[in-house]
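Look at the structure below before reading on. The briefing then goes through annotated spans, a helix pair and the surroundings of the ligand.

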Amino acid sequence: MELTYTEAEEEFRRELRSWLSANIPEEWTRPGFWESLDDAESFRLRRDWERDKALAGFAGIQWPTEYGGRGGTPGMKAIYDEETVRAHAPRTVNPLGLTFLAPTVMAIGTDAQKKEIIGPMLRNEVIWCQGFSEPGAGSDLAALSTKGVRDGDDFVVNGQKVWTTNAVHGDKIFTLVRTEPGSAKHRGISMLLIDMHQPGVDARPLKQMSGASEFGEVFFDDARVPATECLGEIGDGWRTAMLLLSFERGASGIAQYTEFRRQYDQIVQVARARGRDRDPVVRGKLARVLTELECLRLHAMHVLTQVERGRDLGFEASMTKLQWSEAFQDLWEVFDDILGEDATLDSVDGIDLKAMHAQAMWSRSVTIWGGSSQVQRNITAERVLGLPR
Ligand SMILES: Cc1cc2nc3c(=O)[nH]c(=O)nc-3n(C[C@H](O)[C@H](O)[C@H](O)COP(=O)(O)OP(=O)(O)OC[C@H]3O[C@@H](n4cnc5c(N)ncnc54)[C@H](O)[C@@H]3O)c2cc1C
């Protein structure tokens, strides 16, 4: 592993740092600020802020300028990930688009698709959803049954998706649809890009235990989509989906590490305030989690070095997903252990816990979405290590 940033990259860091410090209001960085807003207000503030950031040139860092990106290096992207977390920048409202769809479009989309999709996405003019999971198809995604029947230049789509993140805010949804009649398993699936503001598409929120509705269900009832609105070849959607999932699973370990490390320090602060830092069991757990986080940092650097050398990590993305999601969940389990019976309090010893409770609850989901830990272990065993099935 060798990772040093060039002078141009360090200059980029200085520019970004100064834009962030001038454009993030101090109150946004206070604990509990985002949790005090309702869903709609939080979404609106973040959507507008992210648009301004894109207009200032700090979006699509690695993508070519002709598609609205900055034309930067992988090193600049790593710096961007690090600095935005460090500055407490608001979470993106377009994660499915930015992290999963965009790199897939850049890899296999047509020139027209790159032009139509990337710029509007960076400016948040189009919020993207991911329509993979169905009530009868989760880990076993190839069991999906949403159908698209060809009618002239269009497909007519019927079926249901579930766990759709941002369903109620979505403008478009990249959707796995069975477009070949009678096909089964991985064959005959296409990835259609469907307009959610049309008759025949109904997005309904699902309420989570945190009170938020970050995801929902999407129903298709004779929704029409032009056959040209297909990413990858018609009937070859499984291959497109696998490529997209490698981006979902390989998401930046540098950003994850920077954020989790800060959260670790907050949890240590709570342990000190409760006098739990003297408990040898708590100390042992904190030490184990810190070790996991440092392994995550080294793994992230390794991945970045490989990417800088132009290597496609493919199925190794499952190892990244496994490592960051398990480390994150272990971290927040220690928080719950520290609080014990005080876990229902909104604050202890002057420390606002609302944002931390939200993270602890969110941590339960990360070993499920993007493919569960069990499934990532299977992929790592079979596809990376070559072990028998
Ligand atoms: C917060 C959140 C956001 C999400 N957002 C989206 C989204 O935007 N779009 C979208 O399409 N989906 C989304 N999902 C859905 C997610 O991709 C699925 O929940 C996930 O793929 C698991 O599918 P499932 O829930 O049907 O569980 P199942 O597949 O029924 O799995 C149940 C259990 O069985 C285990 N299991 C299943 N198969 C195997 C196997 N072969 N070997 C070993 N163990 C196995 C699993 O690990 C799990 O523990 C989201 C989920 C969450 C929690």
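Helices (H or I, at least four residues) and strands (E, at least two) are DSSP runs, numbered from the N terminus. The model is predicted: local features need pLDDT of at least 70, side-chain atom pairs count only at pLDDT 80 or more, and totals for chains, interfaces and linings use all residues. Residues are numbered from 1 along each chain as its sequence is written.

**Annotated spans**
- UniProt, in an unreviewed entry, gives residues 6–125 as "domain: Acyl-CoA dehydrogenase/oxidase N-terminal"; such annotations may be inferred rather than shown by experiment.
- The unreviewed entry also lists "domain: Acyl-CoA oxidase/dehydrogenase middle" at residues 129–222.
- Residues 129–222 are 50% strand and 0% helix, with end C-alpha atoms 19 Å apart.

**A helix pair**
- Helix H4 (residues 95–108) packs against helix H5 (residues 111–122) at about 160 degrees, with axes 10 Å apart; axes are lines fitted to C-alpha atoms over the stretch in contact, and angles run from 0 to 180 degrees between N-to-C directions.
- H4 and H5 are therefore roughly antiparallel (over 145 degrees).

**Around the ligand**
- The shell has 19 residues, and Phe 132, Gly 138, Ser 139, Trp 163 and Ser 372 come nearest; a residue is near if its C-beta atom, placed from the backbone, lies within 6 Å.
- Strand E1 (128–131), strand E3 (154–165) and helix H11 (373–384) each give two or more residues to this shell.
- The ligand lies between domain 2 (128–235) and domain 3 (250–384), because both give residues to the shell; the bounds come from an automatic or database domain assignment.

Definitions and conventions:
Angles under 35 degrees count as roughly parallel, over 145 as roughly antiparallel, 65 to 115 as roughly perpendicular and the rest as oblique.
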